[in-house]
Amino acid sequence: MGGGQYPAPAPRARSRAVLAAGVAVAVLAAGSVGVWLVRGGSENGAGPVAGPPASVSATPETGGPTSETPTETPSGSPSGTSAPLDEVPPPGYRAQEDLKGFTIAVPEGWNRTESEQGVFYNAPDGRSLIQVFVIQEAGITPYEALRGASEDGRTNKPGYAEISLRRVTGEPGAPADSAELVYAYDREGGRRKVVDRAFTAEDGNQYAILAAGPDADWPEQRERLRVALDFFRPGAY
């Protein structure tokens, strides 16, 4: 769900941190796009990479350099993309109109949390999550944002391994500049695997949406991301 990768001014460094956080926090504690999953925060956007979803990022794999207590909202709260508005999500998922204005499909029973690292939907056990983040850094492409996040991950995530980084081509409905990063890293509770998609949406904003969870659960993370992207529609984030 951006960040740069080379030595750059403070603003760029912060963006990159955000993206990395999201990548690393797959559980719910994030940093910023770069920090997002790669830095050291949790993927919930609430705390360090270690914890489960106590809040928006209590256990995410997207944590950032700093942690904060995100605001949790009822799972039924309002939270969209290529699927028709009247289309029903697959069994086990619900379409959610988020408080931030966008619509997305998430697993039933997952709770919503929020921090400056983005919006998180966390599994009840705090081991898996979906994160939605707006890449704030100007002049950077989705691919560059993910590349920067991966570089930050090598530095800030124990046992970090980039599995793949690619531009998405030939996928029906995917924005032309879509890019995807898949990576794994070690954290308290076991090894985690994350799939992170970045793209420019119809509203002109660049979004990063990622799904994180235990390495042993793969490829469930990819399926959750697929459903989330199918029903994602931007809003007044």
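Phe-199 and Tyr-207 are both buried, and buried here means under 20% relative accessible area, with exposed over 50% and partly exposed in between, using a 1.4 Å probe and protein chains only. Their ring centres sit 6.2 Å apart with planes at 20°, so this pair is stacked. The rule, by the way: rings of Phe, Tyr and Trp (its six-membered ring) pair if their centres lie within 6.5 Å, and planes under 30 degrees apart count as stacked, over 60 as edge-to-face and the rest as tilted.

Before I go on, a word on what we're looking at. This is a predicted model, where local features need pLDDT of at least 70 and side-chain atom pairs count only at pLDDT 80 or more, while totals for chains, interfaces and linings use all residues. Residues are numbered from 1 along each chain as its sequence is written, and side-chain values use heavy atoms, with hydrogens and water left out.

Okay, back to the rings. Phe-199 and Tyr-207 belong to a cluster, linked by ring pairs, that also takes in Phe-102 and Phe-232. That rule gives six aromatic pairs. Another one is Tyr-183 with Tyr-185: centres 6.1 Å apart, planes at 25°, so stacked as well. Both of those tyrosines are buried.

Now the cores. By nonpolar core I mean a set of buried Ala, Val, Leu, Ile, Met, Phe, Trp, Tyr and Cys residues joined through side-chain atoms within 4.5 Å. The largest has 21 residues, and Ile-104, Ile-130, Ile-209 and Phe-232 make the most contacts inside it. Strands S2, S4, S5, S8 and S9, plus helix H4, each put in at least two residues. Those labels are DSSP runs numbered from the N terminus: helices are H or I with at least four residues, strands E with at least two. Then there's a second, separate core of 19 residues, including Phe-133, Tyr-143, Leu-146 and Val-194.

The charged end of Arg-167 sits over its ring, 3.8 Å from the centre; the test is NZ of Lys or CZ of Arg within 6 Å of the ring centre and within 35 degrees of the ring normal. Tyr-143 is also among the buried residues of H3, along with Ala-145, Leu-146 and Asp-152, to name a few.

Pro-219 lies in the loop between S9 and H4.

And the whole thing? Four helices and nine strands, with 59% of the 237 residues buried.
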